[in-house]
Amino acid sequence: MTTVLVTGGAGYIGSHACKMLAREGYTPVTYDSLVTGWQDAVKFGPFEKGDLCDRARLDEVFATYQPTAVMHFAALSQVGESMNHPARYWRNNVEGSLTLLQAAVGGGTQNIVFSSTCATYGDQDNVVLDEDCPQHPINAYGSSKRAIEDMLRDFEVAHGLRHVIFRYFNVAGCDPEAEVGEFHQPETHLIPLVLDAIAGKRDALTIFGTDYDTPDGTCIRDYVHVMDLVEAHIKGLKWLEQGKESRVFNLGTGTGFSVREVIEQAHAVTNREVPVIEGPRRPGDCTKLVSGSTRAEEELGWAPGRSKMRQMIEDAWRWHQSGHYEK
Ligand code: UFG
């Protein structure tokens with residue numbers, strides 16, 4: 001069986017990727033520091049605890065498993081935190097990825113699938129973003145991911161390490177079988193926070209800014225179901241296995257939802273009121289991030305079939321009610 005090293009495999013997206021990899025006949029080896037991940041989420045292959053910046057530990061893991069590919073999810077990913085603590089993002093994301101790439105080259109791994117973000121594009125005045133749009137991030141999180149993209153290009157030229165880069169839009173929903181799900185501590189993402197507010201686990205959901213230049217004044221995002229997202233990763237892995245050229249793909253649906261629209265849909269799915277407070281803008285937030293997603297559809301044959309807002313909230317709500325991981 002083909003072994004894939006999954007950094008961040010104990011996190012939200014990484015754990016879903018491990019499930020999909022195992023289903024497709026791969027052996028996913030999770031490498032995770034458990035700083036933001038959960039060991040309970042590692043259910044589909046071996047687990048190796050370690051930090052991305054720990055070269056000796058990475059070398060050991062590469063030597064033990066000799067993975068043919070890496071899926072690199074491990075990262076700090078909070079836009080707001082990145083504005084206040086940029087060093088954490090440059091160290092964990094950029095230095096960590098540099099260490100990982102060096103270990104991958106040393107270990108003879110030839111393919112890497114990398115989690116990047118639409119936050120690398122920055123705020124571009126109501127443009128639907130395709131992969132050729134210029135990248136001008138407005139937060140340290142986006143800057144850190146853009147730097148890693150550059151690093152991947154340099155490593156390919158020098159060392160032949162080939163890559164598929166996925167720029168995610170907003171990932172939502174959960175495994176419909178609720179074996180794994182979304183659980184961040186602290187939680188900062190809109191949909192789980194809305195569900196927490198509905199369930200009475202917090203007092204109210206604060207809308208960050210109602211004075212944006214959008215039809216209802218709140219930010220617009222393009223939400224993609226996590227199962228669709230990880231399916232694209234399998235297709236990206238196979239793309240590299242077939243010897244195709246390194247490539248960047250956006251992963252979004254081309255449809256945006258405002259914060260208020262997400263709240264309305266959550267109300268419709270759960271049939272419960274969402275307590276809401278209107279607050280100020282959150283630093284680092286772009287007005288609108290919506291994907292031009294035809295490249296992934298045309299070249300990878302990807303179809304984001306589960307990425308309907310109602311479906312994403314239903315799957316998230318099922319997981320939300322079924323319990324959470326424990327440290
Ligand atoms: N929001 C609120 N109140 C909250 C939380 C969020 O109004 O309590 C708003 C945000 O201001 C934003 C939208 O809901 O307009 C979505 O916010 P999230 O925090 O759920 O997601 P972000 O768009 O900030 O960021 C997410 C990921 C990033 C990724 C980005 C790409 O966390 O890693 O999507 O858009 F880069």
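The model is predicted. Two domains are assigned in the protein: domain 1 (3-172 + 223-251) and domain 2 (190-221 + 254-320). Both domains give residues to the shell around the ligand, so the ligand lies between them.

**The shell around the ligand**

- The ligand is surrounded by 21 residues.
- The closest of these residues are Thr-117, Asn-170, Thr-206, Arg-282 and Asp-285.
- Sorted by class, the shell holds twelve nonpolar residues, six polar ones and three charged ones.
- Helix H6 (190-198) supplies at least two residues of this shell, and so does strand S9 (205-208).
- Which element gives the largest share of the shell? S9 does, with four residues.

**Contacts with oxygen atoms of the ligand**

- Asp-285 places a polar side-chain atom 2.6 Å from an oxygen atom of the ligand.
- Asp-285 is also listed among the closest residues of the shell.
- Tyr-141 has a polar side-chain atom 3.1 Å from an oxygen atom of the ligand.
- Ser-77 takes part through its backbone: an N or O atom there lies 3.1 Å from an oxygen atom of the ligand.
- How much of the ligand does the protein cover? On its own, the ligand has 670 Å² of accessible area, and the protein covers 93% of that area.

**How the two domains meet**

- The C-alpha centres of domain 1 and domain 2 are 23 Å apart.
- Across the boundary, 34 residues of domain 1 are in contact with 32 residues of domain 2.
- Together the two domains bury about 2,900 Å² between them.
- Of this buried area, 59% is on carbon and sulfur atoms.

**Backbone details in one loop**

- A loop runs between strand S8 (170-172) and H6, and Pro-186 is found there.
- Is the peptide bond from Gln-185 to Pro-186 cis or trans? The bond is cis, and its omega is near 0°.
- Ala-178 also has its place in the loop between S8 and H6.
- Phi of Ala-178 is near 55°. That is a positive value in a residue other than glycine.
- H6, at the end of this loop, is one of the elements that supply residues to the shell around the ligand.

How values were computed:
Residues numbered from 1 in each chain as written. Predicted model: local features only at pLDDT ≥ 70, side-chain atom pairs only at ≥ 80, totals over all residues. Heavy atoms only, no water. Near = heavy atom within 4 Å. Polar contact = N/O pair within 3.5 Å; in protein donor to acceptor, adjacent residues only side chain to side chain. Areas by Shrake-Rupley, 256 points an atom, 1.4 Å probe, with all protein chains shown as cover. Nonpolar A, V, L, I, M, F, W, Y, C, P; charged D, E, K, R; others polar. Domains from an automatic or database assignment. Contact = heavy atoms within 4.5 Å. Buried area = accessible area lost by both parts, 1.4 Å probe.
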